[in-house]
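The sequence and the structure come first, and the description follows.

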Amino acid sequence: MAGNGPGTLSTHVLNTAQGIPAEGVKVELWRLDPEPAQVVETVTNADGRTRDPLLPPGAFRAGRYELRFHIGAYFRTRGIAPEPLFLDIVAVNVGLADGVGHYHVPLLCTPWSYTTYRGS
């Protein structure tokens, strides 16, 4: 899964309601300690991935982070979101350690559900 080496963080968003990569999802990364601060804001591409790692090797620091996936707006643009939105911004809190290597945090989502895991 992960190995030694410089730490990195990436993500991938899949629209499991329609069986496709989720293109156009706004993703924010926040560092939670010592005080919450936004690190990056980006949008997923046609493959459901961000163009660049959320935390590349030179920017990686161990700590608590929160990924915020704006899936409500994404599903609304696809015409399949309920009104009112059941899920809007999905927040995933993770702890990242030094010396562990690459972290990958995918989000599989529908307008009504989501799941995540530590990928490779």
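A residue is called buried when its relative accessible area is under 20%, exposed when it is over 50%, and partly exposed in between. The model described here is predicted.

**Aromatic rings**

A pair of aromatic rings is described by the distance of the centres and the angle of the planes. Rings pair if their centres lie within 6.5 Å; planes under 30 degrees apart count as stacked and over 60 as edge-to-face. The count comes to two aromatic pairs.

| Pair | Centre distance | Plane angle | Type |
|---|---|---|---|
| F60 and Y103 | 6.3 Å | 10 degrees | stacked |
| Y74 and F75 | 4.9 Å | 70 degrees | edge-to-face |

Y74 and F75 are both buried. Another ring, that of W30, has the charged end of R68 over it, 4.2 Å from the ring centre.

Four strands form an open sheet in the order 2-1-7-8, with mixed pairing. Strand 2 (20–21) and strand 8 (114–116) each have a single partner strand, so one side of each is left without a neighbour in the sheet. Strand 1 (residues 8–15) and strand 7 run parallel and are joined by eight bridges. H12 has P106 in strand 7 as its bridge partner.

In soluble globular proteins, nonpolar side chains tend to be buried together. Here the largest nonpolar core has 24 residues, and L9, F69, I71, L96 and L107 have the most contacts inside it. Two or more residues each come from strand 1, strand 3 (26–31), strand 5, helix 1 (71–77), strand 6 (89–96) and strand 7. Leaving aside residues up to four places away in sequence, L96 touches L9, L55, F60, A62, G63, Y65 and Y103. Both members of the stacked pair, F60 and Y103, are therefore among the residues that L96 touches.

**Annotated positions**

An unreviewed UniProt entry lists H12, R49 and Y117 under "binding site". R49 lies in the loop between strand 4 and strand 5. With a relative accessible area of 33%, R49 is partly exposed. Beyond residues up to four places away in sequence, R49 touches T11, H12, V43, T44 and H104.

Technical notes
Residues are numbered from 1 along each chain as its sequence is written. This is a predicted model: local features need pLDDT of at least 70, side-chain atom pairs count only at pLDDT 80 or more; totals for chains, interfaces and linings use all residues. Side-chain values use heavy atoms; hydrogens and water are left out. Rings of Phe, Tyr and Trp (its six-membered ring) pair if their centres lie within 6.5 Å; planes under 30 degrees apart count as stacked, over 60 as edge-to-face and the rest as tilted. Buried means under 20% relative accessible area, exposed over 50%, partly exposed in between (1.4 Å probe, protein chains only). A charge sits over a ring if NZ of Lys or CZ of Arg is within 6 Å of the ring centre and within 35 degrees of the ring normal. Two strands pair if DSSP finds at least two bridges between them. A nonpolar core is a set of buried Ala, Val, Leu, Ile, Met, Phe, Trp, Tyr and Cys residues joined through side-chain atoms within 4.5 Å. Contact means heavy atoms within 4.5 Å. UniProt positions are given in the numbering used here, feature names are shortened, and annotations may be inferred rather than shown by experiment.
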